[in-house]
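Here are a few notes on the charged pairs in this one. Have a look at the model, then read on.

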Amino acid sequence: MKKPLVKSAKFVISNTDIKKCPSDGKPEYAFIGRSNVGKSSLINMLTGHRKLAMTSATPGKTLLINHFIVNDEWYLVDLPGYGYAKRSKSQNEQLEHIISSYILDRDAMTLLFVLIDCRHEPQKIDLEFFQWLGENGVPFSIIFTKADKLTRGALVSNIEAYKKRLLEDWEELPPVFITSSETALGREDILQYITEINETL
Ligand code: GTP
Ligand code: MG
C-alpha cells in the first residue's frame, strides 16, 4: 500500500513578524494570491483537516502569517491575500509589508504557490505580482483553484488561455496545478511535488 503523504498536520504559530516565525529551518511552502482565492481552503484540503486554517466566504479573512507543520518535517504557510479593495489603505499597506517581507526575506521559504481562481481571465494584479516575483528571483508554482465551479471544457480553455497570456511575459512556465478544495482534485500531485522537493534538500 502507498504511504500517506500527510501523516500529521498541526497549527504552530500566527504572527506578523517574520523574525517570530519558527526558527528550526524546516522547509516552508507558502500560499499566496488574491483575497478569497481559496488559500486557506487549499491548506485544509491538502492536510485533510477541514478546520486547520480559517476560511471565510467574505474576503480578507487571513491577516497573519500562519505556520502549520506537516509530518513534523515541513511547513505549509498560509499568507494574507492581496488586492482586497474594501480594506483601508493603511491596512492594505501593512498587509503588503507582511507579505513582501515574508516572501523576500524568509530563508526557509522553499517555494511559493501562487493561487489563481480558474474562473477569471488574467487579472492585472496577478500578472504584476508574477512580474514582481520574477524581478526578485522568487521560486514559484501556480495553482488554479475552484475547478469544481467550471465544466471540464471551460476549465481546460480558461487554463490554456491563462498559460498563453503568461507566455507573453515569460519564456517558460513554472509547474501548474489544477485544484478543487471541494473534490480534492490536485491533492496528490501537489503533495507529491512537495515531497520530491523535500527529498532534494
Ligand atoms: P483570504 O484569507 O480572505 O485571503 O481568503 P482565502 O484565499 O484564504 O480563501 P478561503 O480559503 O477562505 O476561501 C474563500 C471562499 O471560497 C470560501 O467560501 C471557500 O469555501 C470558497 N472556496 C475555496 N476553495 C474552493 C474550491 O475549491 N471550490 C469551491 N467551490 N469553493 C471554494
Ligand atoms: Mg485565508
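1. Let's start with Asp 169, which is partly exposed at a relative accessible area of 34% (buried is under 20%, exposed over 50%, partly exposed in between, with a 1.4 Å probe and protein chains only). Salt bridges with shared partners link Arg 165, Glu 168 and Asp 169 into one network.

2. The Asp 169 and Arg 165 side chains form a salt bridge at 3.3 Å, N to O (a side-chain nitrogen of Lys or Arg within 4 Å of a carboxyl oxygen of Asp or Glu). Both sit in helix H4 (residues 152-169), 4 residues apart, so about one helical turn separates them. Helices (H or I, at least four residues) and strands (E, at least two) are DSSP runs numbered from the N terminus.

3. This is a predicted model: local features need pLDDT of at least 70, side-chain atom pairs count only at pLDDT 80 or more, and totals for chains, interfaces and linings use all residues. Side-chain values use heavy atoms, leaving out hydrogens and water, and residues are numbered from 1 along each chain as its sequence is written.

4. The salt-bridge count is 9. One of them joins Asp 72 to Lys 10 at 3.5 Å, N to O. Asp 72 is in the loop between strand E3 (65-70) and strand E4 (74-78) and Lys 10 in strand E1 (residues 9-15), so this pair ties together parts 62 residues apart in sequence.

5. In helix H2 (residues 89-105), Glu 93 and Lys 89 are 4 residues apart, and their side chains also meet in a salt bridge. Lys 89 is exposed at 67%, while Glu 93 is partly exposed at 45%.

Definitions and conventions
Chains lettered and ligands numbered in written order.
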